[in-house]
Structure formats: C-alpha cells, structure tokens
Amino acid sequence: MRTQASVMHLDLDAFFAAVEQRDKPSLRGKPVVVGGVGGRGVVATASYEARVHGVRSAMSTREARSRCPHAAFLSGRFHAYREASHAVMSLLRSVSPLVEPLSLDEAFVDLQRAGLPDLEVATVTAFAEELRGRVTEVTRGLTASVGLGTSKFIAKVASDLDKPDGLVVVAPGTEQALLRPMSVTVIPGVGPATTERLRRAGIHTVAELEAVSLDELVRLVGRAHGTGLWSLARAQDDRPVVAEREAKSVSVEGTYDTDLTDRRLMEGLLTRQAGEVAARLRKHGMSGRTITIKVRLHDFTTLSRSSTLVSPTDSAATVARTARALLADLDTSGGVRLLGVGVSGLADWVQEDLFGETEEDEEELPAVEVPHHSRRTWSPGMDVVHAEMGRGWVWGSGRGVVTVRFETAETPAGPVRSYAEDDPALTAWVPPPLPDEQD
Ligand SMILES: [Mg+2]
C-alpha cells in the first residue's frame, strides 16, 4: 500500500455514445445507444439520457429498443473511437511514463512518475482537475471521470463514485471506511458466481467480508481467490501500474464501417496484415512464437484466438498461414467489423536461422480492397459524404432509400435528406489514418 494517493484511474464517460453526440449535433442531449443494431445485437454503450430509461451496456438491443424506443440506435464508428482514445492515451503518456490502458477509454496513471512537487492530496487533486480539462480539449469535448487513491483498486472505485465528469480523491487512511458499506461486487474478481457463494454465507458488504477469517474465506471460494479477497477486503492492493511495453507484441488491425462477410476477403486482409506485422518484426530484428488474431463480430463481441509455434518466426507466410487457420475455426457468418493479427512471445533472434532455413515464402501479398464504397450498405450512424451536400451520417435506410443528416461536430444540427440507396453522389466517408498507422 502506498502512503499517498498517487494512483490515478481515468475513465471517459459513456465513451462511444459521447463521441457520437460530439460528432452528431442533433443527438446532443438525446438518448443514444451504440451497439449491434441487428437481431442478436447487444448494447455497447448508452448515453446518460438513455440510461435514465433503464438502458445498460450488455443488454440486448431488442430490450433496449423496448425500454427506449425513441433513442438513436447506432452501429458504431471505431475509427472515431480510436482517434479519441489515441488523443487521450498520448496526453496521459505525456504526463507520466507509467500509463496502463485497460480499454479504449480507461487507464491507470502512476503519478509517482509525473514529476509533481509532492503527492499531497491538494497537489494531486489540482493536477487531476487540470488534466481532466486537457482531456476535454484534446478530445474536442468529451468528459472524463477520475479517481485517485493509494492503489489501483481504490482509484478505480473512486472514479466511479461521481460519474459523469467527476473527480474523487480518496485520502490515504480513509480507504476501509469508504469500502465497508459497499457491496462485495465492488472488489475486482468478484463476479456473479463468487457473489452468489458469499451471499449464501450471509456476506453482502465489504464490512461483512472483512469479518470473515482467511481460513473460512479459502473454504468458501478456494485458496487463490480467497487470499486475494481477504487482502482486498482490507484495501490491501500492491499491484503496480504497468506500462504497456512497446516490444511485448507487434500487431496490426483494421476496423471496417460495414460488416465483412466474404471469407476470402477476410483471409486476404489477414494475409496483408500478417505481411505488415512480419515487416515490423524484421525492422526491429525480432521474432515471436505466438500468433493471435482478433475478430470483432457485428454484435460487438470480440474474439481472439492464438496459436504458439515451436520456434519464433518473422516470416510473413508463416504468420499469415497461422492466422488464416485460426480464422477458419470461427463463425463469422454474421459479419465482421474488426480484424487484426499480432505476434507476441518475442525474442530478438530468429530461431529458424539456426537451421539455415531460407525465406521459402515471401507470399504474394494480395491486393485487397475493403469495399467501403462499392458495397451499398448503409449502417445507422456511419459517416458519409454527398457530392453536393458534403459530410453527414446515415440516419436510417431500407426499401431502397437511405436517409442522411448533414452535420458534423463543427456544424449546427443539420438538414435531413433521402436518396436512393445506389445514388452515385453518396459514398462512405473514409477517415484519415491515425499518426501511428502511417508507417
Ligand atoms: Mg468509460
């Protein structure tokens, strides 16, 4: 346990929905639901205006529609989310070298390495408040909730206490008083099964958990879990903030605004990504043994599958072959929105060289084009551009007609027009690449 509140947890508020409201002025202050819009879709994020009606993350979209039929249901624009995430993570890395991202919109930051004059509560509070303002600047209007505490556990609990747009600093020494009245579900790792087991033993709050002996806890939930629970119930958490080490893995991924369904196209994209990954490995004189693919389905479920080779490789063909085999085991018939390939378990030599194996294999990289433009799929919320009207977003489509609202983050709420779905004047708008995707 640290003696000062030097661990920060920052969490952007209703992230996907907030980005949509930023970029779609007509949706500001209105209920917005981002997620899978199809029959089996689930909610990824709901705006606070939709949460009032009981819409929650991970709820089926069908349920969300019945609770809040007047919400805007959007299928998500990962390029915009990644751009905002990139801006925030870059800002955080500029204040401390120890930034541990948990997802696109959440990270721990170690303030012991932020070069502050001291780590007193007043100092870290002022620093965090200023940083929250800078997050809003670099994201052009998003808000973040921040928690500060003596550990990751406490910082994360704190960031949730005054959402949205809040800042909570848990003063050193007050952690247990804060936790005691809370439900045991506040403790990381306490999921539905553990909660149920504890409930049957009459344990609902952290205070009740704290009263249980270590032996009894181990008997209830097992040795590994029990020891951790016992410590966390006492706010004892020494987990360090671990910066993502650049060289731990090399990966390339692409997100697509329309669902990919063609297997051969997906294989082609994976093969091209494998080529890029292999080129980066060779550039740094590295190789790796574990090959992973990442696939996000149309309903936002994200799957990853990996395979470990007997020896490290930096060969494009080997990575591509493995990636395609991993894809073959997944059901992607509902459509895919993100594909990625990564290599981890890195070593700084190529084992294959020891056996004098030649590059059998610089496989021809296929020329793959993602059919952003050619495919006339207009998903709700996607960015489009019209030859005369300029930029806008798809409000809805069906029966051969697509309806577009012409507005962007920089304009007032704009007009709505309808077109034939195959109107050549209307095309998908393709964002510029992020700075680190250009090489
Ligand atoms: Mg968030």
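These legends describe close-up views of a predicted model.

**View 1. Four domains make up the division of the protein.** Domain 1 covers residues 1–173. Domain 2 runs over 177–233. Domain 3 takes in 247–354, and domain 4 spans 372–439. The centres of domain 1 and domain 4, taken over C-alpha atoms, are 27 Å apart.

**View 2. Domain 1 meets domain 4.** To this contact, domain 1 brings 17 residues and domain 4 brings 15 residues. On the domain 1 side, the elements giving two or more residues are helix 1 (15–23), strand 4 (72–74) and helix 4 (78–95). Helix 4 gives the most, with four residues.

**View 3. The domain 1 face that touches domain 4, by residue class.** Eight of its residues are charged. Five are polar, and four are nonpolar. Helix 4, with its four residues, is the element that gives the most to this face.

**View 4. E106 in strand 6.** The unreviewed UniProt entry lists E106 under "active site". Strand 6 comprises residues 106–110, and E106 lies within this strand.

**View 5. Contacts of E106 beyond its sequence neighbours.** Neighbours within four places in sequence are left aside here. E106 is then in contact with L10 and D11. The "active site" listing for E106 comes from the unreviewed UniProt entry.

Key
Residues numbered from 1 in each chain as written. Predicted model: local features only at pLDDT ≥ 70, side-chain atom pairs only at ≥ 80, totals over all residues. Domains from an automatic or database assignment. Contact = placed C-beta atoms within 7 Å. Nonpolar A, V, L, I, M, F, W, Y, C, P; charged D, E, K, R; others polar. UniProt positions renumbered as here; feature names shortened; annotations may be inferred.
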